[in-house]
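Colleague: I have a chain here that I would like to understand. Can we go through it in questions and answers?

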Amino acid sequence: MRPCTSVMHLFGRWLRGCSRRSCNRIPRRLRKPLSYFRLLLKSLYFNSLTNSDVVVDSLFEPVFWMVDILTRWFGKVFVFLVVALTSSILFIAYFCLLPLVLHTYSPGWIIWHICYGHWILVMITFHYYKATSTSPGYPPKMKNDIPFVSVCKKCIIPKPARTHHCGICNTCILKMDHHCPWLNNCVGHFNHRYFFSFCLYMTLGCLYCSISGRNLFIDAYNAIDVRIVAFSSYYHTPQPPYTFKDRLFHKSVIYMWVLTSTVAVALGGLTVWHAILISRGETSIERHINSKEARRMMKRGKVYKNPFNYGKLNNWKVFFGVEKKSHWLTRVLLPSGHVPYGDGLTWDIYPLKKDMMPV
């Protein structure tokens with residue numbers, strides 16, 4: 001028996017002994033809450049399968065419940081923040097930077113910025129809308145003949161492979177990756193591609209704004225720094241002749257560069273992490289499960305192999321739904337609303353893997 005279980009047994013015996021000696025001295029109105037507390041304590045070590053992880057999860061259950069409630073309530077607020085911050089960057093780009101580009105850049109660079117900027121904008125808008133509005137996929141609640149691996153303890157329904165329960169959505173999700181508060185939606189089988197594409201193109205867009213606006217940011221920062229030094233100078237040096245429009249332009253450029261650079265670093269790291277998971281043919285939840293299973297098999301002298309890993313290139317083809325070479329353009333580099341392979345209930349796509357090799 002584990003040390004944690006032994007400690008809980010000793011504590012339970014001590015509590016029972018104390019309760020017997022002081023049972024008559026406890027007021028009648030406190031006996032019922034005390035009995036309830038003893039029942040909760042016994043539930044922590046009612047069998048030999050209990051370990052420290054189970055005890056910690058039980059103790060932190062109220063914290064998890066509170067986090068789920070707050071995330072569910074603030075989901076719409078996070079979506080509003082994404083839309084508001086992105087709209088502010090677009091406002092600065094159209095009304096501050098675009099006129100400057102049209103007056104100072106060569107025709108070739110003007111065409112490049114307009115085409116690339118609007119392509120990124122269309123991809124970000126399309127994939128964010130689809131990620132938030134597309135259902136991640138739910139297992140059927142009626143009796144069926146679909147193979148399952150376990151039964152959900154909360155939904156009390158069969159769980160197919162790669163299906164997990166979301167405490168925030170309060171239901172099971174097919175091929176669940178995680179619950180994203182910035183989408184106010186779960187990332188599952190039917191919207192996983194939209195989520196990753198949004199992260200990818202948002203990162204590319206922020207990098208584009210950060211790199212192309214670097215010189216403007218330096219000029220705007222130096223202009224503000226000169227005004228501050230001139231204002232605080234002992235000799236009261238007159239400030240440069242900047243108008244209100246110039247000051248507003250400088251502050252807008254600084255705001256845009258700081259925001260896009262910060263998002264590019266944070267979201268870029270998340271995008272790289274999900275790209276690694278996609279290359280391995282697993283989700284965020286499966287990464288944790290597969291790591292534990294690999295360590296368990298290693299102790300037995302065996303090697304664990306992910307059954308949903310079809311090879312790096314084939315994993316990307318299955319993820320994006322690429323069936324022929326033209327799909328790299330029409331389904332990856334352009335907006336596409338095609339559904340992913342399969343129904344999320346069964347994962348027998350070995351024939352598909354075999355057919356996709358030449359692509």
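Predicted model: local features only at pLDDT ≥ 70, side-chain atom pairs only at ≥ 80, totals over all residues.

Modeller: Residues are numbered from 1 along each chain as its sequence is written, and side-chain values use heavy atoms, with hydrogens and water left out.

Colleague: How many helices and strands does the secondary structure of the chain come to?

Modeller: Helices (H or I, at least four residues) and strands (E, at least two) are DSSP runs, numbered from the N terminus. By that rule, the chain comes to 12 helices and 6 strands.

Colleague: What share of the residues of the chain count as buried?

Modeller: Buried means under 20% relative accessible area, exposed over 50%, and partly exposed in between (1.4 Å probe, protein chains only). The chain has 359 residues, and the buried share is 38%.

Colleague: Which residues does Thr-271 touch, not counting residues up to four places away in sequence?

Modeller: Thr-271 sits in helix H8, residues 244-280. Thr-271 counts as buried because its relative accessibility is 7%. Contact means heavy atoms within 4.5 Å. With residues up to four places away left out, Thr-271 touches Phe-196, Cys-199, Leu-200 and Thr-203.

Colleague: How far is a polar atom of the side chain of Thr-271 from the backbone oxygen of Leu-267?

Modeller: A polar contact is a pair of N or O atoms within 3.5 Å; within protein, one must be able to donate a hydrogen and the other to accept it, and residues adjacent in sequence count only if both atoms are side-chain atoms. The distance from the backbone oxygen of Leu-267 to the side-chain polar atom of Thr-271 is 2.8 Å.

Colleague: Which residue joins its side chain to that of Ser-261 in a polar contact?

Modeller: Ser-261 is also placed in helix H8. Its relative accessible area is 14%, so Ser-261 is buried. The C-alpha of Ser-261 is 8.0 Å from that of Cys-209, 52 residues apart along the chain. The polar contact, at 2.8 Å, is with the side chain of Ser-210.

Colleague: Which residues lie nearest the centre of the largest cavity?

Modeller: On a 1 Å grid over the protein atoms alone, a cavity is a set of points where a 1.4 Å probe fits but cannot get out; lining residues have an atom within 4 Å of a point. Grid points are joined across faces, edges and corners, and a volume is the space filled by probe spheres set on the points. There are 3 cavities of 30 Å³ or more, and the largest holds about 280 Å³. Of its 22 lining residues, those nearest the centre are Arg-162, Lys-175, Asn-315, Val-318 and Phe-319.

Colleague: Into what classes do the residues of the lining of the largest cavity divide?

Modeller: Ala, Val, Leu, Ile, Met, Phe, Trp, Tyr, Cys and Pro count as nonpolar, Asp, Glu, Lys and Arg as charged, and the others, Gly among them, as polar. The lining divides into 12 nonpolar, 6 polar and 4 charged.

Colleague: Where does Arg-162 lie?

Modeller: Phi of Arg-162 is near 70 degrees, a positive value in a residue other than glycine. At 10% relative accessibility, Arg-162 counts as buried. Its place is the loop between strand E2 (158-159) and strand E3 (164-166).

Colleague: Is Asn-170 buried or exposed?

Modeller: Asn-170 is in the loop between E3 and strand E4 (171-173). Its phi is positive too, near 60 degrees. With a relative accessibility of 56%, Asn-170 counts as exposed.

Definitions and conventions:
1 Å grid on protein atoms, 1.4 Å probe; cavity = no way out; pocket = protein on both sides within 12 Å on 5 of 7 lines; lining within 4 Å.
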